[in-house]
Amino acid sequence: MNTPDDDIDWVRHVNGRWIVRESLRKDAAAFLDYLSATDPDRLRESCRRARVLTSTHPGEDPKPWFYSGLFSLSSEEEAARYLKGHDFTIACIPRLAEISFCALRVDEVRPDTADKIQRIRAALEAMD
């Protein structure tokens, strides 16, 4: 069974090795450092969510699930700091989907993209 510390180590490792936009990797690492310093409980839960979502959707690109889970407990202020420019991830997080700086709207994207966003949102809502 995974421990909370295992989840944190796993998330840091995965974030450091995946090929993603460099700014997303750096922003996620900065968010992890911020949570480590300010809210260790939310760090553990955010990492647990990222790991659970990534592991429960085999056969799909795990990155949208991972980053949506990782940032799923972010406040609007944290999203403004760490997610600006990462509109897909913002759109996947129900509590953030309508913030003013998110340029991605589900009704304006391709059906397969909208479906992915809706499925990630549903999975996150089920975790609440």
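Tutor: Let us begin with how a helix axis is defined: axes are lines fitted to C-alpha atoms, for helices over the stretch in contact, and the angles between N-to-C directions run from 0 to 180 degrees. This is a predicted model, in which local features need pLDDT of at least 70 and side-chain atom pairs count only at pLDDT 80 or more, while totals for chains, interfaces and linings use all residues. Residues are numbered from 1 along each chain as its sequence is written, and side-chain values use heavy atoms, with hydrogens and water left out.

With axes defined in this way, H4 and H7 pack at an angle of about 40 degrees with their axes 11 Å apart, and that makes H4 oblique to H7, because angles under 35 degrees count as roughly parallel, over 145 as roughly antiparallel, 65 to 115 as roughly perpendicular and the rest as oblique. The helices themselves are DSSP runs of H or I with at least four residues, numbered from the N terminus. The crossing of H4 and H7 is right-handed, a word used if the near helix is turned clockwise from the far one by less than a right angle. Where the two helices meet, Pro64, Trp65, Ser68 and Gly69 of H4 face Lys116, Arg119, Ile120, Ala123 and Leu124 of H7, contact being heavy atoms within 4.5 Å.

The side chain of Ser68 reaches back to the backbone oxygen of Pro64 at 2.7 Å. Setting aside neighbours within four places in sequence, Ser68 is in contact with Thr89, Cys92, Ile93, Ile120 and Leu124.

Tyr67 belongs to the largest nonpolar core, which has 35 residues and in which Tyr67, Leu70 and Phe71 have the most contacts; such a core is a set of buried Ala, Val, Leu, Ile, Met, Phe, Trp, Tyr and Cys residues joined through side-chain atoms within 4.5 Å. The largest share of this core, 6 residues, comes from H7. Not counting residues up to four places away in sequence, Tyr67 touches Asn15, Trp18, Val20, Leu24, Ala28 and Thr89.

Finally, H7 also packs with H3: their axes come within 11 Å and cross at roughly 130 degrees, and H3 and H7 are therefore oblique to each other.

Definitions and conventions:
Polar contact = N/O pair within 3.5 Å; in protein donor to acceptor, adjacent residues only side chain to side chain. Buried < 20%, exposed > 50% of the residue type's maximum accessible area, 1.4 Å probe, protein only.
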